[in-house]
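Morning, everyone. Please bring up the sequence and the model.

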Amino acid sequence: MHCIDLNCDLGESFGCYKLGMDEKVIPLISSANVACGYHASDPAVMNKTIKMAKEAGIRVGAHPGFPDLMGFGRRNMNITPDEAYAYVLYQLGALDAFCRANGIRLQHVKPHGALYNMAAKDYKLAEGICRAIKDYDDNLIVLALAGGELVNAAQDMGLRTAFEFFADRGYEEDGTLVDRRKEGALITDEDEAIARVVRMVKEHRLIAVTGKEISVTAHSVCVHGDGVKALAFVERIREALKREEIEIRSLDEIV
């Protein structure tokens with residue numbers, strides 16, 4: 001039996017600014033990556049998101065990013081590994097306070113945006129992130145891009161790791177994501193995106209942006225909840241997985 005985790009970045013509203021359809025997406029996924037207040041979110045949003053996740057019975061992970069609300073954490077920052085350690089540790093503590101108050105525990109950590117992308121290529125930065133995770137709770141799962149330096153650093157420290165696949169993103173031949181500024185970065189055809197997910201789960205294969213077939217293994221598929229058609233897309237992915245007899249499970253049950 002094939003199985004996969006469905007994760008989504010959530011809790012990214014801020015004050016009176018609402019982003020995404022969290023209340024509708026949460027029941028359709030198995031793991032939520034919850035913003036921790038640096039790139040998005042605020043204490044009230046974090047608390048509300050944790051409560052919704054608990055009610056739906058899904059697992060919660062921290063989604064720490066750069067301290068860059070205006071840039072939504074998507075702008076590169078020149079920070080040291082020690083600064084990365086402090087930023088991530090601070091955000092883990094913030095989100096976990098709401099988890100503890102609501103009687104649930106953190107399952108995983110997935111860095112956000114530019115921090116995620118930079119850590120995939122910079123071992124020292126990835127090491128700083130993983131030191132924070134290990135010092136905080138060495139039972140946490142590190143969710144990261146397969147083959148990247150964040151995976152290497154996590155495994156070197158003995159942390160559990162899970163590989164992530166992006167349903168709507170193009171891939172380079174080396175398994176990295178196509179830069180958002182380049183053609184082919186986003187998969188806009190829903191049928192194509194869903195077919196890619198099913199094939200990746202069952203065959204561990206994928207067509208890169210160059211047309212070359214590459215090998216890809218993942219434990220979790222990321223679906224985005226902030227697009228115009230996001231809800232319908234998540235529903236279609238779930239239906240396709242069920243049709244193909246692919247079971248949706250949380251990361252804790254897979255890795």
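Start with the right-handed β-α-β unit made by β2, helix α2 and β3. Keep in mind that this is a predicted model. Strand β2 covers residues 31–35 and pairs with β3 in the parallel sense, over five bridges. Helix α2 spans residues 43–56.

Now the next unit. β3, helix α3 and β4 also make a right-handed β-α-β unit. Helix α3 takes residues 81–101. β3 and β4 run parallel, joined by three bridges.

Look at A62 in β3. V34 stands opposite A62. In β4, the bridge partner of A62 is V109.

How many of the five residues of strand β3 are buried? Four, so the strand is largely enclosed by the rest of the structure.

On to the rings. There are four aromatic pairs in the count. Take Y116 and F166: edge-to-face, 5.9 Å centre to centre, 90 degrees between the planes. Y116 sits in helix α4, residues 113–119, and F166 in strand β6, residues 160–166, so this pair ties together parts 50 residues apart in sequence. Y116 and F166 are both buried.

Next, F165 and Y171. Their centres are 5.3 Å apart and their planes at 10 degrees, so this pair is stacked. Buried or exposed? F165 has 0% relative accessibility, so it counts as buried. Y171, at 2%, counts as buried too.

Two last items. Y38, Y87 and Y90 form one aromatic cluster. And K110 lies over the face of Y116, 6.0 Å from the ring centre.

How values were computed: Residues are numbered from 1 along each chain as its sequence is written. This is a predicted model: local features need pLDDT of at least 70, side-chain atom pairs count only at pLDDT 80 or more; totals for chains, interfaces and linings use all residues. Side-chain values use heavy atoms; hydrogens and water are left out. Rings of Phe, Tyr and Trp (its six-membered ring) pair if their centres lie within 6.5 Å; planes under 30 degrees apart count as stacked, over 60 as edge-to-face and the rest as tilted. Helices (H or I, at least four residues) and strands (E, at least two) are DSSP runs, numbered from the N terminus. Buried means under 20% relative accessible area, exposed over 50%, partly exposed in between (1.4 Å probe, protein chains only). A charge sits over a ring if NZ of Lys or CZ of Arg is within 6 Å of the ring centre and within 35 degrees of the ring normal. Two strands pair if DSSP finds at least two bridges between them. A crossover is right-handed if, with the strands pointing away from the viewer, the path from the first strand over the helix to the second runs clockwise.
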